[in-house]
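Below is a short report on one protein model. It covers annotated positions first, then charged pairs.

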Amino acid sequence: MLTQIINARILTPQGWLKDGSVLIRDNKILEVTNCDLPVVGATLIDAQGTYIVPGGVEIHAHGGGGRDFMEGSEDAFRTAVKTHMQHGTTSIFPTLSSSTIPMIRAAAATTEKLMAEPDSPVLGLHLEGHYFNMAMAGGQMPENIKDPDPQEYIPLLEETHCIKRWDAAPELPGAMQFGKYITSKGILACVGHTQAEFEDIETAFQVGYRHATHFYNAMPGFHKRKGYKYEGTVESIYLMDDMTVEVVADGIHVPPTILRLVYKIKGVEKTALITDALACAASDSKEAFDPRVIIEDGVCKLADRSALAGSIATMDRLIRTMVQKAEIPLEDAVRMASETPARIMGVADRKGTLEKGKDADILALDNDLNVRAVWAMGKIVEGTNTLF
């Protein structure tokens, strides 16, 4: 099937095309051009002057639509994935908070089943924990947190093939061995829920840690001990030029001024936008998988209000926050939601930009940056089309 999107403002790697068109055949982009003359035999879609940009690549989301990936079931996964797709996400790495090994195995089995389906938006599993610093547990379930254990992670990675990213605190005993091992398996090693200072981060980078989990959250910045000043995890990561970061761009987890600072220092190519969304995102549900979590002031918190516990954001909100509150150009906000996370996760050969030969993952946004349509692998996502 041949489809042509015309009358659009299209974001390409070279910049914006005005009054351009995107030609799609089945699940691939056949051509992106500044000519919007109708192609014979193509089904025409008038974009009505909307922004046509790459679909979002979500690398850190725990759930949505009332369901959490920690449930492990196929029904929970499909509900949460569909929810995020309706808000502009076209590729997703489902995320588990600190879990037990049986919970991880259940979620991995579901992930592998969904990944095997044709044109699946599910690209792999992300484990946020459970090898974290207890003092920085935040919204993680403390009963599941422990030091890295090779008797757990080695057998797990020998029997599963869908884990693409794993987060840990590098200062823990065994964390460097863990980082080396998972990196050797092609898994992205990430720093998170940590009290690491510069030497920890420097050593972690040397053994393979390349990415920072929800930057600024669950990690210290510049601080004092007994009158002496020390760099925090934040400053240490800034000093690692080749370490990428992700930010929860809901305007609450990280203030807009700090979002702008991350953008200024790390730049578009080293900064990814994430929702860190819990089950209650895009849902009438007021409950998270973790019964300790409440929703208040537009964000998820522990009931004792000691820590934030995740967001209720979706991909479109991330883009709006970056543009409307952090005052970042739309093209850069979109790249941080699509191109950069695709590159971080090693899928930029087929995801993240609108280019000939890439997957037809496309998002249409109006002038207020609201979703008008979403195409995933060339197919319109149910419940998103207001263009035709």
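E128 sits in strand 10 (residues 125-131); helices (H or I, at least four residues) and strands (E, at least two) are DSSP runs, numbered from the N terminus. This is a predicted model, in which local features need pLDDT of at least 70 and side-chain atom pairs count only at pLDDT 80 or more, while totals for chains, interfaces and linings use all residues. Residues are numbered from 1 along each chain as its sequence is written, and side-chain values use heavy atoms, with hydrogens and water left out.

E128 is buried, at a relative accessible area of 1%. Buried means under 20% relative accessible area, exposed over 50%, and partly exposed in between (1.4 Å probe, protein chains only). Leaving aside neighbours within four places in sequence, E128 contacts residues including H60, H62, D167, H193, H214 and D276. Contact here means heavy atoms within 4.5 Å.

The E128 side chain makes a polar contact of 2.9 Å with the side chain of H62. The side chain of H193 also makes one with the side chain of E128, at 3.0 Å. A polar contact is a pair of N or O atoms within 3.5 Å; within protein, one must be able to donate a hydrogen and the other to accept it, and residues adjacent in sequence count only if both atoms are side-chain atoms.

H193 lies in the loop between strand 12 (188-191) and helix 5 (198-207). H193 is buried too, with a relative accessible area of 4%.

An unreviewed UniProt entry lists E128, H193 and H214 under "binding site". They are spread over 87 residues of sequence, yet cluster in space, with a largest C-alpha distance of 10.4 Å. UniProt positions are given in the numbering used here, feature names are shortened, and annotations may be inferred rather than shown by experiment.

Now the charged pairs. The whole structure holds 22 salt bridges. Each is a side-chain nitrogen of Lys or Arg within 4 Å of a carboxyl oxygen of Asp or Glu. Three of the pairs are tabulated.

| Pair | N to O distance |
|---|---|
| K82 and E382 | 3.3 Å |
| E152 and K146 | 3.1 Å |
| E355 and K358 | 3.4 Å |

K82 lies in helix 1 (residues 74-85) and E382 in the segment after strand 23 (379-380), so the pair ties together parts 300 residues apart in sequence. K82 is partly exposed at 37%, whereas E382 is exposed at 55%. E152 is buried at 16%, and K146 is partly exposed at 31%.
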